[in-house]
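Reader: Could you walk me through this one, starting with the charged side chains? I would like the definitions along the way.

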Amino acid sequence: MSGPAATQITHLFSYYDVRLLLLGFVATFALALVGCFAGFVSGFLVAILRMTRSRAMAPVRAVMFAYSMLFRRVPFLVTLMLVFFASQAINANLSTFSVALISICLIAAAYLGEIVRSGLESVHINQWDAARALNFSYLETLRYVILPQAWHVILPPSFGFFVMFIKDTALASQIGVMELTSAGKVLSNKGFAAAPVYGTVLMLYFLMSYPLSRFGKRLEKKSAATRNR
């Protein structure tokens with residue numbers, strides 16, 4: 001390859017441009033990883049609260065149900081804008097990265113909470129009755145009886161959600177977060193042709209997502225083998 005195209009590609013892979021792409025790569029992965037991990041922990045709490053049965057917890061269950069229904073139906077971009085403008089309205093002085101992270105946590109907690117709840121409810125009711133007969137508390141029942149059996153149902157879709165959300169973090173560029181898609185826009189605005197810039201961005205998303213997808217499928221097969229023993 002020679003001529004203007006070769007020159008553009010050579011310049012595209014200069015030190016500063018590669019550094020920009022790598023910083024975007026790291027920011028994208030960090031947003032998805034930290035956001036989904038915090039969302040999983042929060043979602044676990046949402047699922048546990050939704051599954052309580054005492055009358056005193058009825059208002060909490062209603063709030064958790066409304067939260068889960070709302071944020072599973074609101075697009076990520078809308079949530080991102082709501083958090084962004086709400087933080088400005090209360091003078092929270094949050095960075096755009098923090099705003100994106102909070103938005104991801106809100107969405108992830110709603111989705112992963114539903115995944116966890118479905119996994120816990122997949123365990124037969126006889127297991128709950130047996131734990132109650134042994135005088136286990138609600139939390140002891142979850143920890144020692146239900147969760148070890150439900151984990152194999154919860155893990156694969158949770159991992160799949162994490163991989164899927166890597167792509168959705170591209171919307172964080174709308175509020176100025178310098179993630180992978182934003183890095184591509186910067187390089188394109190510098191005069192580089194769109195094909196090599198976004199082709200490189202595509203490959204970086206693929207290099208991030210594909211190994212995680214394979215790892216998730218491996219976990220799913222391993223979980224299925226464990227359940228069938």
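Author: The side chains of E114 and R72 form a salt bridge, at 3.9 Å from N to O, where a salt bridge is a side-chain nitrogen of Lys or Arg within 4 Å of a carboxyl oxygen of Asp or Glu. E114 lies in helix α5 and R72 in the loop between α3 and α4 (76–89), so this pair ties together parts that are 42 residues apart in sequence. Helices here are DSSP runs (H or I, at least four residues; strands are E, at least two), numbered from the N terminus.

Reader: Before going on, what kind of model is this, and how are residues numbered?

Author: This is a predicted model, in which local features need pLDDT of at least 70 and side-chain atom pairs count only at pLDDT 80 or more, while totals for chains, interfaces and linings use all residues. Residues are numbered from 1 along each chain as its sequence is written, and side-chain values use heavy atoms, with hydrogens and water left out.

Reader: Fine. Which other residues does E114 pair with?

Author: E114 also forms a salt bridge with R50, with the closest N and O atoms 2.8 Å apart. Since E114 lies in helix α5 (residues 96–121) and R50 in helix α2, that pair ties together parts 64 residues apart in sequence. R117 forms a salt bridge with E114 too, and there the closest N and O atoms are 2.3 Å apart. R117 and E114 both sit in helix α5, three residues apart, which is about one turn of the helix.

Reader: So which residues are linked in the network, and how many salt bridges are there by this rule?

Author: R50, R72, E114, R117 and E121 are linked in a network of salt bridges, and the count by this rule comes to six salt bridges. Side chains of opposite charge can pair when their charged atoms come close.

Reader: Switching to packing: at what angle do α2 and α7 pack?

Author: α2 and α7 pack at an angle of about 150°, with their axes 11 Å apart; axes are lines fitted to C-alpha atoms, for helices over the stretch in contact, and angles run from 0 to 180 degrees between N-to-C directions. The two helices, α2 and α7, are therefore roughly antiparallel to each other, given that angles over 145 degrees count as roughly antiparallel, under 35 as roughly parallel, 65 to 115 as roughly perpendicular and the rest as oblique. α2 passes α7 in a right-handed crossing, a crossing being right-handed if the near helix is turned clockwise from the far one by less than a right angle, and left-handed if anticlockwise.

Reader: And how do the axes of α6 and α7 cross?

Author: The axes of helix α6 (residues 125–133) and helix α7 (residues 138–168) come within 10 Å and cross at roughly 140°. That angle makes α6 oblique to α7, and the crossing of α6 and α7 is right-handed.

Reader: Anything in the backbone: which residues have a positive phi without being glycine?

Author: N91 has a positive phi of about 55° although it is not a glycine, and phi of N93 is near 55°, again positive in a residue other than glycine. Most residues other than glycine have a negative phi. N91 lies in the loop between α4 and α5 and is exposed, with a relative accessible area of 66%. N93 is placed in the loop between α4 and α5 and is exposed, with a relative accessible area of 75%.

Terms used
Buried < 20%, exposed > 50% of the residue type's maximum accessible area, 1.4 Å probe, protein only.
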